[in-house]
Amino acid sequence: MESKSTSRNRNFERKISELLKQNAKNLHTCPLCGERIEIGIEKGVLSEISKDGNYPFPHIHLHGSPLHAMICYVDTHFVVRGVGSVRSIEISRDSDTLQQFVKKWSNAY
Ligand SMILES: [Zn+2]
């Protein structure tokens, strides 16, 4: 049985991370293809990064044909400070990587 304060802390953490997720959600233009892309960062990733305290952190969004990535540098206020593109992408051809890809793909954030 968990205490009331533990459950209160968990609710607080959930609210904060929802807020962070919303703030990190932004529309940005891919410099390579010009597509307007809304980025979102997973809550779990955000909390790991906030523990590390390494800002700005890079976030990549894979899209397009041929496949490429938009790379965003996100600051401590979860604002995108810089945007670049990645043309050269290599994906490991193993089942763990494929599983992780499918997991990311089926999860909105
Ligand atoms: Zn693009």
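Two strands are said to pair if DSSP finds at least two bridges between them. Strands (E, at least two residues) and helices (H or I, at least four) are themselves DSSP runs, numbered from the N terminus. The model described here is predicted: local features need pLDDT of at least 70, side-chain atom pairs count only at pLDDT 80 or more, and totals for chains, interfaces and linings use all residues. Residues are numbered from 1 along each chain as its sequence is written.

The protein has three helices and five strands, and their pattern along the sequence is α-β-β-α-β-β-β-α.

Strand 1 (residues 26–29) and strand 2 (residues 36–39) run antiparallel and are joined by four bridges. Within this pair, N26 faces I39 of strand 2. Six residues lie between the strands of this hairpin, where G34 adopts a positive phi near 80°.

The other strands to meet form an open sheet of three, ordered 3-4-5 and paired antiparallel. Strand 3 (57–63) and strand 5 (80–86) are its edges, each pairing on one side only. On average, neighbouring strands here are turned by 20° against each other, direction ignored; the angle is taken between N-to-C directions, on a scale from 0 to 180 degrees, with axes as lines fitted to C-alpha atoms. Six bridges hold the antiparallel pairing of strand 4 (residues 68–74) with strand 5, and C72 has V83 in strand 5 as its bridge partner.

Finally, 8% of the 109 residues count as buried, meaning that 20 or more other C-beta atoms, placed from the backbone, lie within 10 Å of the residue's own.

Terms used. Buried ≥ 20, exposed ≤ 12 C-beta atoms within 10 Å, placed from the backbone.
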